[in-house]
Amino acid sequence: LAYVTRTEMRREKVDLSSMLQTMGEELNARTDGPKVELEVEPQMVVDADPRLLRAAMENLMQNAWKFTSKKGGAKVQAGREAKNGKPAFFVRDNGAGFDQTYVSKLFQPFQRLHSTTEFAGTGIGLATVQRIIQRHGGKVWAEGEPGKGATFYFTL
């Protein structure tokens, strides 16, 4: 968290589609058992710090893989859609999901909605995502439903 808050930002054009596609392919290559079906919208180019954006996207994609790992027919989508009249990017999965009642805890450091015996992790990934997105002047939020997956939206 300290690194993402203090590191100097260097914005440039980043091919978000290519970044997410590559990450998904790498995650599938490391996955034992059935692969996750990946769908990435093409031609998503953003103005961002590539190192910081990569760290945020790695957290979102790794979470998507982790929380779909116990589901047959796992699917992850990345794309963009209009939210409140503005374009927002998203990473969506059809995995474990979460109870929307606890959404405020998601981006708090070390807060977890699933036990460590159910899903491994430290509880720091989404806090890191939030800090990176905020450093870019954007916003991040999530929608989910238990057993039906989660969608993480962000603006830059």
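A pocket, as the word is used here, is an open set of grid points where a 1.4 Å probe fits, with protein on both sides within 12 Å along at least five of seven lines. In this predicted model, the second largest pocket holds about 220 Å³ of space. Of the 16 residues that line the second largest pocket, Thr31, Pro34, Val36, Trp65 and Ser69 are the closest to its centre. Helix H2 (16-30) and helix H3 (50-68) each supply at least two residues of that lining, and H3 gives the most, with four residues. Sorted by class, the lining of the second largest pocket comprises five nonpolar, six polar and five charged residues.

The overall fold can be set out next. The protein has four helices and seven strands, and, read along the sequence, these follow the pattern α-β-α-β-β-α-β-β-α-β-β. Of its 156 residues, 42% count as buried. Among contacts between residues at least 6 apart in sequence, 68% join residues that are at least 24 apart.

The largest nonpolar core contains 36 residues, of which Leu16, Leu20 and Met57 touch the most other members. Helix H2, strand E3 (45-48), helix H3, strand E4 (75-83), strand E5 (86-93), helix H4 (125-135), strand E6 (140-145) and strand E7 (149-154) each supply at least two residues of this core, and H3 gives the most to this core, with eight residues. Leucine 20, when residues up to four places away in sequence are not counted, touches Leu38, Val40, Met44, Met57, Met61 and Ala78.

Helix H4 has its own set of buried residues, namely Gly125, Leu126, Ala127, Thr128, Val129, Ile132 and Ile133. Just after H4, glycine 137 takes a positive phi of about 80°.

Aspartate 93 counts as buried because its relative accessible area is 9%, and the cut-off for buried is under 20%. With residues up to four places away in sequence left out, aspartate 93 touches Ala64, Thr68, Lys75, Val76, Lys148, Gly149 and Ala150.

Glutamate 81 lies in strand E4 and is classed as partly exposed because its relative accessible area is 27%, a value to be read against the limits of 20% for buried and 50% for exposed. Leaving out residues up to four places away in sequence, glutamate 81 touches Lys86, Pro87, Ala88, Phe90, Arg92 and Tyr153. Two of these contacts, with Arg92 and with Tyr153, are also polar contacts between side chains. Glutamate 81 and tyrosine 153 are 72 residues apart along the chain, and their C-alpha atoms are separated by 9.3 Å.

| Side chain of | Partner | Distance |
|---|---|---|
| Glutamate 81 | Side chain of arginine 92 | 3.4 Å |
| Glutamate 81 | Side chain of tyrosine 153 | 3.2 Å |

Notes
Residues are numbered from 1 along each chain as its sequence is written. This is a predicted model: local features need pLDDT of at least 70, side-chain atom pairs count only at pLDDT 80 or more; totals for chains, interfaces and linings use all residues. Side-chain values use heavy atoms; hydrogens and water are left out. On a 1 Å grid over the protein atoms alone, a cavity is a set of points where a 1.4 Å probe fits but cannot get out, and a pocket is an open set with protein on both sides within 12 Å along at least five of seven lines; lining residues have an atom within 4 Å of a point. Grid points are joined across faces, edges and corners, and a volume is the space filled by probe spheres set on the points. Ala, Val, Leu, Ile, Met, Phe, Trp, Tyr, Cys and Pro count as nonpolar, Asp, Glu, Lys and Arg as charged, and the others, Gly among them, as polar. A nonpolar core is a set of buried Ala, Val, Leu, Ile, Met, Phe, Trp, Tyr and Cys residues joined through side-chain atoms within 4.5 Å. Buried means under 20% relative accessible area, exposed over 50%, partly exposed in between (1.4 Å probe, protein chains only). Contact means heavy atoms within 4.5 Å. A polar contact is a pair of N or O atoms within 3.5 Å; within protein, one must be able to donate a hydrogen and the other to accept it, and residues adjacent in sequence count only if both atoms are side-chain atoms.
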